[in-house]
Every structure is written in structure tokens, then in C-alpha cells.
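Let's take a walk through this one together. Have the sequence and the 3D view open side by side before reading on.

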Amino acid sequence: MSTPLPGFEDFGEPDGAKGPGRPVVSGEPGGPDGSGGAGESGGSGGLHSPTANRSRARTGSRQEIAPGAVHVPGWLTMAQQRELVTACRGWARGPAPIRHTKLPRGGVMSVQTVCIGWHWQPYAYTRTADDVNGARVPDFPDWMVELGRRALVEAYQDSAAGDGYTPDTALINFYDGQAKLGMHQDKEERSGAPVVSLSIGDTCVFRFGNPETRTKPYTDIELASGDLFVFGGPSRFAYHGVPKVRPGTGDPASGLAGGRLNITMRVTGLDG
Ligand SMILES: O=C(O)CCC(=O)C(=O)O
Ligand SMILES: [Fe+2]
């Protein structure tokens, strides 16, 4: 099955940017697009710049939502957001294309998902996308490991917080204006390492609860384009969900003309 599912074409592509061979936003050797060209990422706020996220305008409003769960508004630069969108578009095309995940009881998720490193399907990780087309998922890139480490340093305001953190999977979710994600735990991982979440495009309401129940107490916050959210420690297995996306709130300068992109990096704790 390799036919793109309905909605894939709407993965926020600006008009006129569709189709293979269009120019990528930026690139450098080993970069997210693998194109090897010179680009804006080099030292000017791109994904490879270890200093890119220092002194961000909105990071002053960093907030602990629950113990170990931290929201850092505006952490990603616009250049980083564009690079991530470019990388995610590439992964969304395949080898296992982005799709609406089928649930065991016959339902279909409104969110579209593509994975790197390991493929997630309810409720297991595999190296091949067995519920899509059987293709092996792309490797988890080193630059994203580095980004994950920097995210932990920022969220926990601790220069050692990223030491030893080696995420090996990311779920890349695309939400159109109607998509929602019900309250759930990220619990297929056999590791208590934090989850690093990055949001691009339309703002959403993100509901962050507690590890015991999918109901109250929970806190609703807004995740906007460029925001970082980390949940680890006592909040690692807290229930969370996305009850609402606010269409039209994103800035097309992010590279997403519409919809919301969310990337969650995780440590699976799996071998092989
Ligand atoms: O889209 C989000 O902000 C959260 C995504 C999420 O919870 C998940 O992929 O498990
Ligand atoms: Fe989740």
C-alpha cells in the first residue's frame, strides 16, 4: 500500500511547492534534508547551532506545568522550524508514508503520523511499518539527538540534563483543523527518560494531566509554533491529549501553510 492517504497532500505545503525536486529551505552536510548545500542553518539559528536557542525572546515565560513537565514557549527559531518542516515532509513521503493510524478496535486516528527510528502502532514499536507498507523506518538522525539534549538543558535549566539522553524514536504528528488526540499515556517505551515535544504551525490546546487518571486534575495550556514541552520525572507517564487545534493561527513563515506539526522524541529502551 503506497498510495498517499487523503490529507497527505494537505501537509501544509505552500502552493507551488509541491512535487519532487523543489528547492529545500536549507541544508548542510548531514543536515535534515541531506542535501548538503549551504544554507541558513550554519551558525545563524539553524538546527545545528548549539547556541541557536539561547536568549530566545519568549523563553522567559518558561513554566513548570506539573513536576517534571515544563513548557518553554518560542524555543525554536523560525529557521529551525522551517528545517524541521522540511525534514518532516521528507519523512512523510516515505518509505512508509504518513497515515491515519488504525486502532485495534477498528477506529482510525484523526491525527496523521509518521515515525522515525522505530515505528509506533498501537501499542508496540517495530523497526518496520507493518501496518503501513512494511518498509523499514528511517534512521533517527544525530542532529535530532543533539536537539533533544539541548531541549532538556533548556527545559530543566540544568547544563547536565541532556547528558546521556539518546532518543531513538520520534512520532511526527500532523493535525488538520479538525484533528484531536484523546487523553493517553506514552507508555510503550521501556524507559523513564523524558519525552521532548516540539510544535510547529497552528496553536493547539494541550491538556496535561496526571499519571493516575485520564480525567482531572489536568491543566490546559496553548502550544504555539516553536514551543517546547518536556515531560519527564514524576510526569513522564502522565495522561495528555490535544482537544483542539486553532486553525489559521500559525505563521506560514514556519514552512507550514496550515495545520499543526508535533514531534515527540522518546527513548524506547528497545534493542535491535
Ligand atoms: O501533539 C501533541 O502535542 C502531543 C502528541 C502526543 O501526545 C503523542 O504523539 O503521543
Ligand atoms: Fe502522547
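What follows goes from the overall fold to one helix, then to the ligand shell and the annotated positions.

A quick word on conventions: this is a predicted model, in which local features need pLDDT of at least 70 and side-chain atom pairs count only at pLDDT 80 or more, while totals for chains, interfaces and linings use all residues. Residues are numbered from 1 along each chain as its sequence is written, and chains are lettered from A and ligands numbered from 1 in the order in which they are written.

**Overall fold**

The protein has two helices and 14 strands; these are DSSP runs numbered from the N terminus, helices being H or I with at least four residues and strands E with at least two. Of its 272 residues, 45% are buried. Buried here means 20 or more other C-beta atoms within 10 Å of the residue's own, exposed means 12 or fewer, and partly exposed is in between, with C-beta atoms placed from the backbone. If you take the contacts between residues at least 6 apart in sequence, 72% join residues at least 24 apart. A contact needs two C-beta atoms, placed from the backbone, within 7 Å.

**Helix 1**

Helix 1 covers residues 78-93, and at 1.5 Å a residue its 16 residues should span 22 Å; the end C-alpha atoms are 23 Å apart, which agrees. The expected span is 1.5 Å times one less than the number of residues. This helix is mostly covered, with 12 of its 16 residues buried. Among them are Leu 84, Val 85 and Cys 88, but also Arg 82, Glu 83 and Arg 89. The cover over those buried residues includes strand 4 (108-116), strand 7, strand 9 and strand 14.

**Around ligand 1**

Which strands each supply at least two residues of the shell around ligand 1? They are strand 7 (169-175), strand 9 (195-201), strand 13 (240-245) and strand 14 (260-266). The residues around the ligand include Leu 171, Asn 173, Asp 186, Phe 206, His 240 and Thr 264; to be near it, a residue needs its C-beta atom, placed from the backbone, within 6 Å. The shell divides into five nonpolar residues, six polar and one charged. Ala, Val, Leu, Ile, Met, Phe, Trp, Tyr, Cys and Pro count as nonpolar, Asp, Glu, Lys and Arg as charged, and the others, Gly among them, as polar.

**Annotated positions**

An unreviewed UniProt entry lists His 184, Asp 186 and His 240 under "binding site". They span 57 residues in sequence, yet no two of their C-alpha atoms are more than 8.6 Å apart, so they gather at one spot. UniProt positions use the numbering given here, feature names are shortened, and annotations may be inferred rather than shown by experiment.

Here are the two histidines, leaving aside contacts within four places in sequence.

| Residue | Strand | C-beta atoms within 10 Å | Contacts |
|---|---|---|---|
| His 240 | strand 13 | 27, buried | Met 183, Phe 206, Arg 207, Phe 208, Gly 209 |

The unreviewed UniProt entry also gives residues 166-269 as "domain: Fe2OG dioxygenase". The end C-alpha atoms of residues 166-269 lie 10 Å apart, and the span is 0% helix and 43% strand.
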